Amino acid sequence: MQQNPYGEDPVRLIVELAAAPPRTPEEFAERCVAAGMAIDRPVGEEDLAEILEFIPRWLAVVDAGTSERRAALLNELLTISSAHPRLTDHADGGWHIHYRADGLGLAGVVRAVVSVGTALHLTSRGMDRLGRCALAECGRAYGDFTRGGRQRYCSHACANRDAVRRFRVRQAAQNP
Ligand SMILES: [Zn+2]
Ligand SMILES: [Zn+2]
């Protein structure tokens, strides 16, 4: 996955992994490939364990109550997951920037790409552009890529379900 300047693809990937954590190394690899990542090393149990340990740490960034707290938690993830930027042309995609060391396993690559991608997302769109779905029984994390930045639900399905529920509550109140 080449990092676009706004970090959208990595944020979408970690949101999806957090919503339904992978159960096997194979599933983890398949879902990363589906998200556009290249797999250049075998993916094993240690990768699965590493990403399952990383997901709650990324969710803590989502759940941070203030921008300062969010930045501090994300800076910790950047410290342990990313490296100084470097130019590379290892793939056919041409020259691009890596924010990680060479030779990492898939989980290491995902941690780097997601940490940097989340930092780009928050600094380009706004520090409040991560949240949890407002539908009580959902609560999934989402990245807000909308123009206005006022997303409250993880999906249209959850927004619609909550709208229907509020409509019924209002109706019941009006027609007791
Ligand atoms: Zn690359
Ligand atoms: Zn939801």
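Predicted model: local features only at pLDDT ≥ 70, side-chain atom pairs only at ≥ 80, totals over all residues.
Visitor: What makes up the chain, in helices and strands?

Guide: The chain has six helices and four strands. Along the sequence they follow the pattern α-α-α-α-β-β-α-β-β-α.

Visitor: Why are α3 and α4 called roughly antiparallel?

Guide: The axes of α3 and α4 cross at roughly 155 degrees. Angles over 145 degrees count as roughly antiparallel, and α3 and α4 are therefore described in that way. Their axes come within 8 Å, and the crossing is left-handed.

Visitor: Which residues make the contact between α3 and α4?

Guide: Helix α3 contributes Arg57, Trp58, Ala60 and Val61, while α4 contributes Arg70, Leu73, Leu74 and Leu77.

Visitor: How many residues of each class does the contact of α3 with α4 have?

Guide: The contact has six nonpolar, no polar and two charged residues. Arginine counts as charged, and Arg57 of α3 and Arg70 of α4 are among the residues in this contact.

Visitor: Which residues touch the most other members of the largest nonpolar core?

Guide: They are Ile51, Leu106 and Val110, in a core of 30 residues. Among the elements that give two or more residues to this core are α1 (8-19), α3 (45-62) and β4 (141-143). Helix α5 gives the most, with ten residues.

Visitor: With which residues is leucine 106 in contact, leaving aside its neighbours within four places in sequence?

Guide: Leucine 106 is in contact with Phe28, Ala29, Cys32, Ile39, Arg41, Val43 and Asp47. Contact here requires C-beta atoms within 7 Å.

Conventions: Residues numbered from 1 in each chain as written. Chains lettered and ligands numbered in written order. Core = buried A, V, L, I, M, F, W, Y, C linked by C-beta atoms within 7 Å. Buried ≥ 20, exposed ≤ 12 C-beta atoms within 10 Å, placed from the backbone. Contact = placed C-beta atoms within 7 Å. Axes fitted to C-alpha atoms, helices over the stretch in contact; angles between N-to-C directions. Parallel < 35°, antiparallel > 145°, perpendicular 65-115°, else oblique. Left-handed = near helix turned anticlockwise from the far one by under 90°.
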